[in-house]
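Subject: Structure for your review

Dear colleague,

Please find the structure below. My notes on its core and its helix packing follow.

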Amino acid sequence: MTFFDFSSAFNTIHPSLLRVKLERAGASDQLAAWVTNYLTDRQTQFVSLQDCVSDVVVCSTGAPQGTVLSPFLFTLYTSDFTYSTDSCHLQKFSDDTAIVGCVSEGNDCEYRKVIMDFVDWCELNHLQVNASKTKEKVIDFSRKPSSDIAPVNIQGT
């Protein structure tokens, strides 16, 4: 099992990509436009430290933290990557994602391919996998546990 951690998951939602995903899922044009408007140009930000003030920037990515809508929008944003076979599947809940694979007779090709496909999909969708906080757990039910299983490599980590 590999448990993925995203860096600032809700902050990486791109409104234009979400709109396309909403439209593909059958949402009306009005709903897709409302969600895009909700996530675009929603607040200005700046940093002030003593006498120094940074330039003002407008936030046009991500979903507001602490709202009920943010986990739902993130779930919609990630809903177009799915995978499920008898030996390997993807499990998602809001910003938590796990890939569970049953490796039989040392053949972990499907499991590793799903992981690499998911990491590639994340990059295409501007989601940053936090490889240092992503964890793999191997549970070995064989009578003679194998210690030669190589850990999954994500982005060089």
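A nonpolar core is a set of buried Ala, Val, Leu, Ile, Met, Phe, Trp, Tyr and Cys residues joined through side-chain atoms within 4.5 Å. Buried means under 20% relative accessible area, exposed over 50%, and partly exposed in between (1.4 Å probe, protein chains only).

This is a predicted model, in which local features need pLDDT of at least 70 and side-chain atom pairs count only at pLDDT 80 or more, while totals for chains, interfaces and linings use all residues. Residues are numbered from 1 along each chain as its sequence is written, and side-chain values use heavy atoms, with hydrogens and water left out.

The core

The largest nonpolar core has 30 residues, of which I99 and F118 touch the most other members. Two or more residues come from each of α1 (15–24), α2 (29–39), α3 (69–78), β6 (88–93) and α4 (109–124); helices (H or I, at least four residues) and strands (E, at least two) are DSSP runs, numbered from the N terminus. The most is given by α4, with 7 residues. Beyond residues up to four places away in sequence, F118 touches F4, F6, F81, L90, T97 and I99, where contact means heavy atoms within 4.5 Å. In soluble globular proteins, nonpolar side chains tend to be buried together.

Helix packing

The axes of α1 and α2 come within 9 Å and cross at roughly 160°. Axes are lines fitted to C-alpha atoms, for helices over the stretch in contact, and angles run from 0 to 180 degrees between N-to-C directions. The angle therefore makes α1 roughly antiparallel to α2 (angles under 35 degrees count as roughly parallel, over 145 as roughly antiparallel, 65 to 115 as roughly perpendicular and the rest as oblique). P15, L18, R19, L22 and E23 of α1 make the contact with D29, A32, A33, V35, T36 and L39 of α2.

The axes of α1 and α3 lie 9 Å apart, at an angle of about 70°, so these two helices, α1 and α3, are roughly perpendicular to each other. Here L17, L18, K21 and L22 in α1 meet L73, L76 and Y77 in α3.

A buried glycine

G62 is found in the loop between β5 (57–59) and α3. G62 counts as buried because its relative accessibility is 0%. Leaving aside neighbours within four places in sequence, G62 is in contact with F10, N11, T12, I13, L39 and R42.

Yours sincerely
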